[in-house]
Amino acid sequence: MKKLRLLILFGLSAQLCTAQMSLRADWNKIEMVSRSTATLQVVGNPMLRRGASMHDGSFAALKDLKADFVRYVPWFPYPKLAVAELEPPTATTTSWDFSLIDPMTIDFLDATKGHTFIMNFSTIPQWMFKTGSKVNYPADPNEVGWGYGGGTEFRDPTMKELTGYYARLLSWYTKGGFTDELGKYHKSGYHFQIPYWEILNEPDLEHSFTPEHYTKVYDAMYTAMHQVSPGTKFVGLGLAFEKPHWFEYFLNPKNHKPGIPLDMISYHCYANANDGQKFDAYEYTLFDKADNFLEKVAFIESIRKRLSPKTKTDINELGTFVSNAMRAQPISQEYWNLSASVYAYFFIELTKQGIDYIGESQLVGFPTQYPDVSMINYTNSKPNARFWVLKLIKDHIHAGDKLVATGIEANGNGDLHAQAFTNGKNKIVLVLNKRNRPATLKLPAEFAGAKVSTIDAASGDGAAIESTVKSESIEMKPFAVSLIELK
């Protein structure tokens, strides 16, 4: 009897080690046409400054990616790299200074040349808000200053200071320069075309705005900036959290001044590990939180379709977080593969919901600056698994591709997740392993000889490993992402 129990346990153990599943794709059953584009965000920080260790590798990777709708965000923790007027104007002086801001911004514009991008100088100069005392900022531009953001009430309730700042900022990059508050002209020589500008970042957090207040800010900034660059479209909200009342208010045209368009909205999601949680549990927590977010997206989409159906959606910060304890330690290869797998899952499910732009966060992170969301390995400046999964998706799956009925027969085992696409020339299946254990995927006979591109622990900081289907099955290593392509 004891020997029999051991044999049974051994058999169960073998099944757990390598689960076997079968792919089903009905190419004749078109479920929808994709309108989704895979992209990313680039947050300005010291590692993207010229001469920094991550600068060259990061911008080279961005240029090689050739992505559209990349979001560029100089952000408040580094005020000297994000704010062009750090001190309020006086009767005799202004503090306009782009010397630290321009190099990084120009490098971004060069790396995305020929592609659509979204600009967002998200940080409002702190002096524009009422505060009990002056809010200081680090003298060293590379020193983080988390205390610089915040403030809820403008010192100028007409918002002319606010709109004047952003109109001049936009003029600097599109009109060759601007005239400051004292009538002095500042020449840049730049005449870039900026296709999209996102108005602020996470106003529900950074300034604790209400939807009513933010909507007034949006309308005022749109009016001033549209006069400077009539061809620029604008993105609203950029919310940290998916709060339905924000969407109900902002997406209702009746709450805006006449003539204010609602071109696009944006919001964010980070599937985070619970504090104190060990890595063994991450695979369940991160995907569970992803599913919870996807339910909220469905509700938000119902609001958008009801109030402003022509408005597009950009979910432009999608990432995962480790626990605080793990963030203080070197981050493992297993985590990067897990995070990459979560993005592939987001891409599939958000594509099914008709989301226009699906943005991974973020190109560069490093210790003290959200290392767990970096797409570049901060120890060697090479693109990591998160970058390569984005590139794999971006290069092969596009808006206009058709999604066909797809399933994985696994007797209730949900380890693998897949979606099949066709563009009339190729049949493509994107499949990911949600678990930290291998799985075997049986393919339909038609996929014999198909090309397989895989990102997993074996690919490390390298591009996808390419192979050919030589048998009826492929192996999916823990947290692997594979793209199977049949021409």
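**Backbone and core**

Mentor: F69 has its place in the loop between helix 2 (55-65) and strand 3 (70-74), where helices (H or I, at least four residues) and strands (E, at least two) are DSSP runs numbered from the N terminus. The model is predicted, so local features need pLDDT of at least 70 and side-chain atom pairs count only at pLDDT 80 or more, while totals for chains, interfaces and linings use all residues. Residues are numbered from 1 along each chain as its sequence is written, and side-chain values use heavy atoms, leaving out hydrogens and water.

Trainee: What is phi of F69 near, and is F69 buried or exposed?

Mentor: Phi of F69 is near 60°, a positive value in a residue other than glycine, and F69 is buried, with a relative accessible area of 13%; buried means under 20% relative accessible area, exposed over 50%, and partly exposed in between (1.4 Å probe, protein chains only).

Trainee: Which residues have the most contacts inside the largest nonpolar core?

Mentor: In soluble globular proteins, nonpolar side chains tend to be buried together. A nonpolar core is a set of buried Ala, Val, Leu, Ile, Met, Phe, Trp, Tyr and Cys residues joined through side-chain atoms within 4.5 Å. Here the largest such core has 127 residues, and L40, Y166, W197 and L350 have the most contacts inside it. Helix 11 (residues 333-352) gives the most to this core, with 12 residues.

Trainee: Where is L237, and is L237 buried or exposed?

Mentor: L237 is in strand 8 (residues 233-239) and counts as buried at 0% relative accessibility.
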